[in-house]
Amino acid sequence: MSRPHKTKRNKLNNRGSAIVTVLVVVAFMTILATIMLYISGSNFQMKVTDYRTKESFYQAEIPVEELRAQLVEDVQTAFAKAYITAMSEYSGSGDAQNAEDNYRRLFCQEMNKIWAGRCPNDEYGNRKWETGIGLVTKQPTDGGVWYVQVTPSDKFDESKIFSEGWLILRGVEFTYDSSYGYTSMISTDYCITIPEVQWPDENGHYGAAGTEEQLNFSKCVNYMNWTKQ
């Protein structure tokens, strides 16, 4: 009589093991789903961060390019005035080297005159480049804001206008703060190559101011020591 009773009780105990198995499987699936959601959320957050970082960098790059475009226009203006003046003074002299030096000096003077009109000087006599740059560039429209700082100087660096035919605007630093709290900084020097010209030969014959390649003013302004943070 006792054996059938014991067998029946064992069968009842086996039924409870199925519930335990189900609970284990459900717990495992819950943990697995939680891990998958966490990984997916982390990947999504990484992509958002990468997107915001790139967006911040591109916004910081806009005023850098706008300033370059303005300098290209200034080069064209300064070239026209310097070349006309130098050519009128060169007429009949026959000294091409002096004419070239005079042209480069006049070009430099014109570039500084253009920016002197945009930038007042501070109490130390240094040009407030930030003021002039602010006039030729635009603030972003996405809710962010950018700032600019320039190495103090009263004019363009003229150290290579005769040896290399360069003017340099040194230490221009743009910092962009996005509305999402991301910050990007771009620092660069602007190297301005003085357009090359042709001067009359000993017979008084001369060509155009330069070849089409030489007068491509967009190639006269380039970046040097460009860094991003």
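A: One begins with secondary structure: helices and strands are DSSP runs, numbered from the N terminus. The model shown here is predicted. Its secondary structure comes to three helices and four strands. Along the sequence, the elements follow the pattern α-α-α-β-β-β-β.

Q: What share of the residues counts as buried?

A: Buried means under 20% relative accessible area, and exposed means over 50%. Of the 229 residues in this protein, 33% count as buried. The accessible surface comes to about 14,400 Å², and 56% of that surface belongs to carbon and sulfur atoms.

Q: With which residues is Trp115 in contact, leaving aside its neighbours within four places in sequence?

A: Contact means heavy atoms within 4.5 Å. With those neighbours left aside, the partners of Trp115 include Leu67, Gln70, Leu71 and Asp74, together with Trp129, Ile133 and Phe156. For the protein as a whole, among contacts between residues at least 6 apart in sequence, 65% join residues at least 24 apart.

Q: Which residues make the nonpolar surface patch?

A: A patch of about 920 Å² is made by Val25, Phe28, Met29, Ile31, Leu32, Ile35, Met36, Tyr38 and Ile39. Phe28, one of these residues, lies in helix 1. Phe28 counts as exposed because its relative accessibility is 53%.

Q: Let us turn to charged side chains. How many salt bridges does the structure hold, and what does the pair of Asp74 and Arg118 tie together?

A: A salt bridge is read from the distance between a side-chain nitrogen of Lys or Arg and a carboxyl oxygen of Asp or Glu. The structure holds six salt bridges. In one of them, the side chains of Asp74 and Arg118 meet at 2.9 Å, N to O. Asp74 lies in helix 1 and Arg118 in the loop between helix 2 and helix 3, so the pair ties together parts that are 44 residues apart in sequence.

Q: Are Asp74 and Arg118 buried or exposed?

A: Asp74 counts as buried, at 3% relative accessibility. Arg118 also counts as buried, with a value of 18%. Neighbours within four places in sequence left aside, the contacts of Arg118 are Gln70, Asp74, Thr131, Gly132, Leu135 and Val136.

Q: Where does the pair of Glu100 and Arg104 lie, and how are the two residues separated?

A: Glu100 and Arg104 are separated by about one helical turn, because they are four residues apart in helix 2. Their side chains meet in a salt bridge of 2.9 Å, N to O, and both residues are buried.

Notes: Residues are numbered from 1 along each chain as its sequence is written. This is a predicted model: local features need pLDDT of at least 70, side-chain atom pairs count only at pLDDT 80 or more; totals for chains, interfaces and linings use all residues. Side-chain values use heavy atoms; hydrogens and water are left out. Patches are made of residues with over 30% relative accessible area and no salt bridge: like charges are joined within 9 Å, nonpolar side chains (Val, Leu, Ile, Met, Phe, Trp, Tyr) within 5 Å. Accessible areas come from the Shrake-Rupley method with a 1.4 Å probe; for residues, only the protein chains shown count as cover. A salt bridge is a side-chain nitrogen of Lys or Arg within 4 Å of a carboxyl oxygen of Asp or Glu. Buried means under 20% relative accessible area, exposed over 50%, partly exposed in between (1.4 Å probe, protein chains only).
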